[in-house]
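Below is a tutorial dialogue on how to read a protein structure.

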Amino acid sequence: MASREHQSQERDAPPFDVEGPESEWKERLPRPERIARTMSAFANGVGGKVWVGVRDDGAVIGVADAAETARELRRIGDALVAPSPKLEVRMVRYAGAELVVAEISPSEVRPVLAPGRDGTLAPFVRDGSSTRPAPRA
């Protein structure tokens with residue numbers, strides 16, 4: 001039986017949804033502030049998942065160190081997102097590759113903030129498959 005931390009998903013359909021308002025694909029972890037903004041956007045909306053090890057074209061490439069990637073996602077959520085989002089991080093094996101998924105739940109306390117481009121904390125939202133600063137209203 002697969003643990004909650006590591007699940008095997010060896011089947012035809014990929015375990016991840018199409019990239020969009022509730023799903024983000026990353027080939028590898030970008031700068032922590034970028035992931036924090038995506039976490040903020042998901043927490044300010046209906047929630048969502050960040051999949052690491054999936055290219056923008058949907059090709060599964062996996063991650064070199066799934067445990068370290070999972071630790072870094074947790075660290076980013078705790079250190080850069082305020083208030084820290086409810087976050088479940090797990091490793092998934094698919095097509096012979098290790099993927100890491102961070103599932104962010106919608107926050108009961110809003111707005112959820114992350115560092116903007118200028119370094120100040122700001123709320124973010126999803127606009128299709130993009131993360132954008134929240135409108136001032």
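## Reading salt bridges, rings, core and sheet

Q: Which residues does the network of salt bridges link?
A: Glu24, Lys26 and Arg126 are linked in a network of salt bridges. Keep in mind that this is a predicted model.

Q: What is the general idea behind such a pairing, and how many salt bridges does a search of the whole structure find?
A: Side chains of opposite charge can pair when their charged atoms come close. Here the search of the whole structure gives ten salt bridges. One of them joins the side chains of Lys26 and Glu24, with 3.1 Å from N to O.

Q: Is Lys26 buried or exposed, and where does it lie?
A: Lys26 belongs to strand S2. Its relative accessible area is 13%, so Lys26 is buried. Glu24, its salt-bridge partner, has 7% relative accessibility and therefore also counts as buried.

Q: What does Lys26 touch, not counting residues up to four places away in sequence?
A: With those left out, Lys26 touches Arg34, Ile35, Val50, Trp51, Val52, Gly53 and Val54.

Q: What are the accessibilities of Asp127 and Arg132?
A: Asp127 has 46% relative accessibility, so it counts as partly exposed. Arg132 has a relative accessible area of 40% and is partly exposed. The side chains of Asp127 and Arg132 meet in a salt bridge, at 3.7 Å from N to O.

Q: Are Phe16 and Tyr94 buried or exposed, and which residues do ring pairs link into a cluster?
A: Phe16 has 8% relative accessibility and so counts as buried. Tyr94, at 9%, counts as buried. The cluster linked by ring pairs consists of Phe16, Trp25, Trp51 and Tyr94.

Q: Which residues have the most contacts inside the largest nonpolar core?
A: They are Met39, Val50, Leu73, Val100 and Ile104, in a core of 22 residues. At least two residues of this core come from each of helix H1 (32–44), strand S3 (48–52), helix H2 (66–80), strand S4 (87–94) and strand S5 (97–104). H1 gives the largest share, six residues. Another core, of eight residues, lies apart from it and has Phe16, Val54, Val92 and Tyr94 among its members.

Q: What does Val100 touch, not counting residues up to four places away in sequence?
A: The residues that Val100 touches include Val50, Val63, Ala66, Leu73, Val89 and Met91.

Q: How do strands form a sheet, and in what order do the three strands of the open sheet stand?
A: Strands of a sheet pair through backbone hydrogen bonds, either parallel or antiparallel. Here the order is S6-S7-S8, with antiparallel pairing. Strand S6 (113–115) and strand S8 (130–133) stand at the edges with a single partner strand each, so one side of each has no neighbour in the sheet. On average, neighbouring strands of this sheet are turned by 60° against each other, direction ignored. H1 packs on the sheet and touches S6, S7 and S8, its direction making about 70° with that of S7.

Q: How many bridges join S6 to S7, and how many join S7 to S8?
A: S6 and S7 (residues 121–127) pair over three bridges. Ala114 stands opposite Ala122, and Pro115 has Leu121 as its bridge partner. Four bridges join S7 to S8, where Val125 stands opposite Arg132.

Q: Which residues take a positive phi in the hairpins of S6 and S7 and of S7 and S8?
A: In the hairpin of S6 and S7, with five residues between the strands, Gly119 has a positive phi near 95°. The hairpin of S7 and S8 has two residues between the strands, and Gly128 in the turn has a positive phi of about 65°.

Technical notes. Residues numbered from 1 in each chain as written. Predicted model: local features only at pLDDT ≥ 70, side-chain atom pairs only at ≥ 80, totals over all residues. Heavy atoms only, no water. Core = buried A, V, L, I, M, F, W, Y, C linked by side-chain atoms within 4.5 Å. Buried < 20%, exposed > 50% of the residue type's maximum accessible area, 1.4 Å probe, protein only. Contact = heavy atoms within 4.5 Å. Phe/Tyr/Trp six-rings, centres within 6.5 Å; stacked < 30°, edge-to-face > 60°. Salt bridge = Lys/Arg side-chain N within 4 Å of Asp/Glu carboxyl O. Pairing = 2+ DSSP bridges. Axes fitted to C-alpha atoms, helices over the stretch in contact; angles between N-to-C directions.
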